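Okay, thanks for making time this morning.

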Amino acid sequence: MKNRFLLVFLFVFGFITAQEASSFEKSPIFPECEAQPIDELKTCFNNKINAYIFKAFKVPQIVNDDSYKGEIKVLFEVDKEGEISVLYIDAVYDELKEETKRIFDSLTKVTPGTYNGKPTFYQYSLGIKIPLVDLLEIQTQQAKVNTIKLIETTDINTDVSDEYKSVTDSSVTYEKLEYSSQLNIPFTHNYYARFDQEMNGLGTNSHTAAKPFTYDEVSVYYDFKAEKEGLVKGSEGWWSKKLWNEHLVEVQGKDYWFTVDPIFDLQVGKDTEADFSSTYNNTRGIFIQGGLGKKFNFTTSIYESQGRFAQYFNEYALSLQAEGGEPIVPGRGLSKLFKDGGFDYPVAEAYISYSPAKFINVQFGHGKNFIGDGYRSLFQGDATSPYPFFKLNTKFWKIKYTNTWMWLRDVRGEVTEDGAFLTKYMANHYLSWNVTKRLNIGLFESVLWANDNNRGFDINYLNPVIFYRAIEFSTGQDAGNAILGASAKYKWNNKINLYGQFILDEFAINDVTAGDKSWRNKFGYQLGIKYFDAFKVDNLLLQFEYNRVRPYTYSHNSIVLNYAHNNQPMAHLWGANFSEAILIGRYNYKRWFGDAKFIFGKRGFDFNEGDDFANYGSNIYRSEIDRNANNGISVGQGNTTDVFQADLGGGYIINPATNLRLFTNITFRNYNPEANTAAALNTSTTWFTIGVRTDLFNWYNDF
C-alpha cells in the first residue's frame with residue numbers, strides 16, 4: 001500500500017514539473033519568425049514586438065511637456081487562437097495607458113504557443129521605457145543592456161516555476177511547532193486531566209477556567225514534546241511512524257507549518273432497551289492545522305457522519321428537532337433521518353488565532369467554548385452544537401480577561417420566520433484573578449439579545465469592559481437577558497483543589513429577603529473538589545461535584561431570550577430545576593486510560609398532560625409567564641424524576657499526535673419519574689459501545 005502511495009505521489013509530482021519543463025513548450029510565433037529555430041522563437045518574438053512598439057507608439061504631448069521619464073508596465077496574453085490582448089496596464093498618465101492599449105489592439109494575430117503539441121495560453125509581462133529607445137540601439141550596445149532597456153518581456157510560466165522550486169527547497173524537518181503555538185488544545189475532559197495537576201500547582205500564575213487552552217499558555221507548565229516522545233513506539237518505517245507517532249502529513253518551512261490528518265469515529269454497540277439490533281456511528285473527516293509566522297495559527301475540521309445511538313439518545317435528538325422536522329444530534333447540530341432510525345449529521349469547525357502581542361490573543365471561528373474548573377459549567381458549557389464566535393483573551397499581571405461574542409440560533413417553529421431560523425446574539429466577560437498563590441476568584445457576566453427592531457449585533461455590547469446589566473437596563477427591560485456569576489478556586493495543596501460557581505439570573509432583594517421561595521429567586525451554584533495522584537497513585541484523578549439550579553433560571557418572559565442555542569442549553573445541559581452529584585475517576589498509564597463517572601440527580605419536568613400545562617421551571621425555552629406559581633418554588637418541583645447514570649470506559653491511545661484512540665464504554669442509565677410522560681419516560685437501559693475515535697471534543701450522553 002505504501003508503494004502505491006509513493007507511485008501516485010511521484011506521478012502527480014512528475015506531472016506538475018512536466019508542465020514547467022520547456023522541452024514540452026513552444027512559444028508563440030510572431031509573423032516573420034516562422035523560420036527561426038525553436039530555441040530562438042522567444043528572442044524573435046521579443047525583437048519584433050519591440051520594433052513595432054518603437055515604430056508605432058506615439059508619446060502623448062502632455063508626457064513630452066512634463067519631460068517625463070519612467071516606464072509603462074504591461075501584462076498581456078496570447079490566447080489559444082493567437083490573439084494578443086492586454087490584461088493590465090500601469091502608468092502615471094491615463095494618456096499613456098490609452099496609447100498602450102491602442103498599440104496592442106493594432107497588433108497582428110500570431111501563431112499560438114503550444115504545450116505538448118496542443119495550443120495553450122501564454123502570459124507575458126513587459127516594460128516600455130519613456131522616452132522610447134530604439135531596439136537596434138539596444139542590440140548594438142550589448143554592454144549596456146542592464147542599464148538601457150527598451151522593453152523586457154518575462155515568461156510568467158518560467159517565473160512561477162522558479163518560485164515554486166524556491167518554496168519547495170525551503171522546507172525543513174517538522175519540529176512539532178504546534179506545541180508552542182497559539183492553537184487551542186482540543187478540549188476533552190480525559191486529555192485535559194493529563195496536565196490539570198501541573199496547571200494547578202501551588203505558586204503557578206495559571207488561569208484554568210476559560211477553555212480551551214492554547215498550547216503556548218500550557219507549555220509553560222507541561223512539556224507536550226516530552227509527553228509525545230515518551231510514548232513513541234514502533235519502527236522507523238514510514239507506515240509505522242504515521243500509525244503510532246506522527247501526523248499523516250507534516251510540512252514546515254522557514255515561516256510556515258501545517259499538518260493534515262484523517263478523522264475517524266467508528267463504533268458499534270448494543271442498547272438493551274432499543275427495538276433495533278445495534279447502535280453505530282460512522283464518522284470520517286479531515287483535520288488541518290498550521291501556522292504562518294510566530295503569531296498566526298489556524299485549524300479546520302470537517303466531519304461527515306451517520307449514526308444511530310441508544311434509544312434514549314435518539315429520542316432526545318428527535319425532541320430537539322428544528323422547524324421543518326430536522327433532528328438535532330446533541331453537541332453536533334442539525335441532521336437528516338438516515339435509514340432505520342439513524343441520523344446523517346455533517347459538521348464543520350474552524351478558527352484562526354492571532355497574538356499581536358504577548359499579553360493578547362484573538363480568535364475568530366466556528367466552534368465551542370467552556371468556562372469553569374468542573375465537569376459541568378453553570379456559566380458556559382460545551383454541550384451545545386458549534387456556533388460562530390469571536391474571542392479576546394487578555395492576560396497580564398495576575399489577571400486573565402476573556403471576552404466572547406457569539407452568534408446563536410433559535411430553530412423552533414414559533415420563532416421561525418419565512419422558513420429562516422432566528423438569529424440571536426450573546427456576549428460575555430470572564431475576569432480571572434489570582435488573588436494569592438492559592439486563591440483564584442472569577443467574575444462572570446453575560447447578556448443575550450435578539451434582533452429586535454432590526455438592531456442586529458448591538459454595538460453597545462462590543463465594549464469589552466462595559467457592565468452588561470447597565471446596558472440591558474438602558475436599552476429596555478426586554479431588550480436582553482443578562483446573567484451574573486462568580487467563581488472561586490482554592491488550592492489546598494499541590495494535590496487537592498476546591499472549586500465552585502454561583503450564577504444569578506435575576507436579583508430582587510425583596511423576594512430574596514421575604515423567605516417565601518419566590519420564582520424570581522433564579523440562581524444556581526456548583527461545589528467541587530479534585531484530588532490529584534489520589535491515594536499516592538500516580539496519574540489518578542478523583543473528582544466530586546455538586547450542581548444545583550433553581551427553576552426558571554436561564555429562561556425569560558420572552559421565549560426568544562432563553563440561554564440556549566439550537567434547542568440546547570448554553571450552560572448546564574439539564575437546563576434548570578435540578579440537583580446532581582457527580583463522582584469521577586480518571587487514570588492514565590502511558591498509552592492506556594480509564595474513566596468512571598457516576599451521576600445521582602433529581603430533576604423536575606413539566607407534565608404537559610391532562611389539565612396541567614404549567615411551566616415548572618425546567619424547560620428554559622418556555623416563557624416564565626406560564627409558571628405554576630409565584631411562591632413556594634423548590635428544586636425538583638413538577639414531575640419529580642430520580643436520575644442515575646454510570647459510565648465506565650477505557651482504551652488505548654493509538655497515536656498521541658492525533659489523539660486517535662481505541663475505546664470501549666458501558667453506560668447504565670435509570671430514569672424514574674413520578675409520572676410517565678413524553679418528556680420523562682421511565683427507562684432503564686444498558687448501552688455498550690466499542691470503536692476507534694479521533695478524540696477532539698467532548699461527547700455527552702448524560703442529559
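**Inside the cavities**

Let me start with the second largest cavity: 39 residues line it, and Asn184, Ile185, Pro186, Phe187 and Leu696 lie nearest its centre. By cavity I mean a set of points on a 1 Å grid over the protein atoms alone where a 1.4 Å probe fits but cannot get out, and lining residues have an atom within 4 Å of a point. Before going on, this is a predicted model, where local features need pLDDT of at least 70 and side-chain atom pairs count only at pLDDT 80 or more, while totals for chains, interfaces and linings use all residues. Residues are numbered from 1 along each chain as its sequence is written, and side-chain values use heavy atoms, with hydrogens and water left out.

Back to that cavity. Its volume is about 620 Å³, a volume being the space filled by probe spheres set on the points, with grid points joined across faces, edges and corners. Which strand gives the largest share of its lining? That's strand 12, with four residues. Strands here are DSSP runs of E, at least two residues, and helices are runs of H or I, at least four, numbered from the N terminus. By class, the lining has 19 nonpolar, 13 polar and seven charged residues. Nonpolar covers Ala, Val, Leu, Ile, Met, Phe, Trp, Tyr, Cys and Pro; charged is Asp, Glu, Lys and Arg; the others, Gly among them, are polar.

Now the largest cavity, at about 730 Å³. It has 35 lining residues, and the closest to its centre are Asp595, Lys597, Asn665, Arg693 and Trp699. The structure holds twelve cavities of 30 Å³ or more.

Zooming out, the protein chain has 14 helices and 34 strands. Of its 703 residues, 51% are buried, meaning under 20% relative accessible area with a 1.4 Å probe, protein chains only.

Last stop, helix 2, residues 41-56. How far apart are its end C-alpha atoms? They're 22 Å apart, which agrees with the 22 Å that its 16 residues should span at 1.5 Å a residue, the expected span being 1.5 Å times one less than the number of residues. Buried residues in helix 2 include Leu41, Phe45, Ile49 and Ile53. In an α-helix there are 3.6 residues a turn, so residues three or four places apart point the same way.

How values were computed: Buried < 20%, exposed > 50% of the residue type's maximum accessible area, 1.4 Å probe, protein only. 1 Å grid on protein atoms, 1.4 Å probe; cavity = no way out; pocket = protein on both sides within 12 Å on 5 of 7 lines; lining within 4 Å.
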